[in-house]
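Grab a pencil and let's work through two exercises on a protein model. Each one has a task, then a solution in steps.

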Amino acid sequence: MAEKQKTSWVYTPKAINTRRGLLYGLTDLMGGGWNNIVSGVIFVFVLSQGISPLFTGAVLGIGRIIDAIWTLFFGAITDRFYRTRLGRKYGRRHFFIALGGILFAILFPMFWISTSSWQYYLWVYVAIEVAISMILIPWETLPTEMTPDYKKRTTLSGSRMFISATGTAIVFFTLAVLKSFNNPNAYLYTGITWTVIFVIAIFTSWRASWERPLTPEFLAELDAQPRLGFSGFMKKTVTDYFGTFKNKSFRKHLLVYLLSFTGKDFYSTLLPTFIVIGLSGTSANAPWVLQALSAFGILSTIAAVKLMVTRGPKYLFTLSYLAIIVAMLGYFVIYLTGINNPMWMLVIVSIIYQLGRGILEFTPWNVFPFIPDVDRIFTHGDKAGVYASVMTFFRKSTGALATYIAGWALEEIGFNSTTMTTHANTPLGIQHGIMLIFIFVPIGLLAAALIAARTFKLNRANHDILKAELQRLEEGGSKADVTLETRQVVELLTGHSYEKCWPDQADI
């Protein structure tokens with residue numbers, strides 16, 4: 001039976017090249033596009049229905065927290081799904097990608113129907129987030145499944161982030177075009193357009209990728225793990241999730257990731273309000289035109305693919321955060337000038353921001369495929385799905401918190417989305433408040449991320465040493481024969497003494 005499964009397309013490795021990387025990465029048209037829809041469009045859309053900033057923030061905040069709890073357990077479900085007939089036939093990751101894609105195609109257009117009920121938006125939003133988690137969590141583990149090679153994983157993840165940048169550009173370009181016609185159903189038509197593009201991308205990527213072959217050796221390793229009932233599964237899952245924080249490289253990676261992406265969330269959520277309310281003479285369509293400049297992020301992503309290999313993630317973190325901080329200070333200068341309709345200045349500053357954002361979004365998920373290798377040498381485990389779930393849980397939790405705080409802050413400074421629709425009819429004090437939140441919260445978060453990134457040690461050279469040691473141990477090599485350099489690298493990346501690494505399977 002195992003032999004038959006190994007010949008299935010879902011378990012058949014293929015050559016990894018730029019074309020294959022692009023096909024794999026197509027899912028991030030939806031992944032990158034969706035994150036920007038959540039932080040940059042949904043907030044404004046729900047506000048436009050006459051719903052208060054506090055309840056608008058609650059839609060995203062409550063929705064993402066519910067979904068974040070779901071994602072905590074979902075990664076472990078995919079890790080163990082190979083034991084089912086469906087999991088072995090269709091792949092423990094691919095089965096859920098397909099199911100999530102079908103649900104997304106049904107649910108996503110429903111969100112863009114006009115209603116004054118914030119509860120409607122909340123529950124449809126929760127359902128969409130659950131479907132997207134079913135797609136993205138297993139999909140994010142695939143580079144680890146498809147190849148152990150650093151360069152090939154970078155090809156896959158780099159292509160993915162190139163696609164993500166393209167998805168961001170498509171989202172805002174489509175919205176800017178359709179909104180320019182002043183059609184009252186512009187959001188609905190845009191949502192349907194996004195659905196068609198995203199679903200085609202998801203299933204193209206689904207068919208072009210594969211999972212680690214279920215060889216007798218791999219099946220024996222997986223089957224050596226205990227079969228658990230529901231209570232045992234819950235206990236083991238929670239233990240595994242807390243166990244990820246014993247991984248020093250992951251702790252630092254998660255901190256940098258959350259600080260920087262939360263700063264980006266504040267920017268995307270409040271940019272439309274800052275542009276239309278805070279600046280004189282700007283049009284309601286200006287924020288979407290400026291966000292469509294995210295196409296420039298494609299250029300920086302292309303450059304980041306090479307820099308990831310030659311300079312490493314620490315360099316990319318620094319470059320992206322400094323560029324965004326400079327851009328935020330640029331918005332501050334524009335606000336202080338008080339120029340009427342400073343569109344050309346906004347375009348220049350927004351291009352700088354988008355160049356930095358492209359690298360910001362590229363780097364963490366290019367580092368991620370190597371994190372499970374650090375865990376493997378420490379725990380002897382196969383937990384790519386667990387790590388993807390933990391990252392997704394905290395990303396959604398901090399994203400929910402950022403959006404809720406943004407809505408709460410607007411409410412606290414007295415902003416009214418029904419009566420304050422332009423710069424002219426908004427009091428100066430409220431304009432100042434919007435500016436302070438929009439500019440200085442992201443700067444603070446990115447400055448903290450920059451400081452944390454300076455101590456990040458997982459790079460290509462260290463990963464090569466780690467992988468060579470993993471291979472030696474997997475082939476039966478003795479821990480007593482480790483070299484001094486390898487010992488130092490393993491301890492640097494895991495945060496534990498070498499003697500505690502690579503435990504016997506009986507001790508796990």
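**Exercise 1.** Sort the residues that line the largest cavity by class.

*Solution.* Step 1: by class, this lining has 8 nonpolar, 7 polar and 8 charged residues. Here Ala, Val, Leu, Ile, Met, Phe, Trp, Tyr, Cys and Pro count as nonpolar, Asp, Glu, Lys and Arg as charged, and the others, Gly among them, as polar. The model is predicted: local features need pLDDT of at least 70, side-chain atom pairs count only at pLDDT 80 or more, and totals for chains, interfaces and linings use all residues. Residues are numbered from 1 along each chain as its sequence is written, and side-chain values use heavy atoms, leaving out hydrogens and water.

Step 2: about 280 Å³ of space lies in the largest cavity. On a 1 Å grid over the protein atoms alone, a cavity is a set of points where a 1.4 Å probe fits but cannot get out, and lining residues have an atom within 4 Å of a point.

Step 3: of the 23 lining residues, Gly 31, Asn 35, Glu 140, Tyr 257 and Trp 365 lie nearest the centre. Helix α3 gives the most, with 6 residues.

**Exercise 2.** Describe how α3 and α7 pack.

*Solution.* Step 1: α3 (residues 27-48) and α7 (residues 118-140) pack at an angle of about 160 degrees, their axes 11 Å apart. That makes the two helices roughly antiparallel (angles over 145 degrees).

Step 2: the contact (heavy atoms within 4.5 Å) includes Trp 34 of α3 and Tyr 125 of α7. By class, it has 13 nonpolar, 2 polar and 2 charged residues.

How values were computed: Axes fitted to C-alpha atoms, helices over the stretch in contact; angles between N-to-C directions. Helix = DSSP H or I, 4+ residues; strand = E, 2+ residues; numbered from the N terminus. Parallel < 35°, antiparallel > 145°, perpendicular 65-115°, else oblique. 1 Å grid on protein atoms, 1.4 Å probe; cavity = no way out; pocket = protein on both sides within 12 Å on 5 of 7 lines; lining within 4 Å. Points joined across faces, edges and corners; volume = space filled by probe spheres on them.
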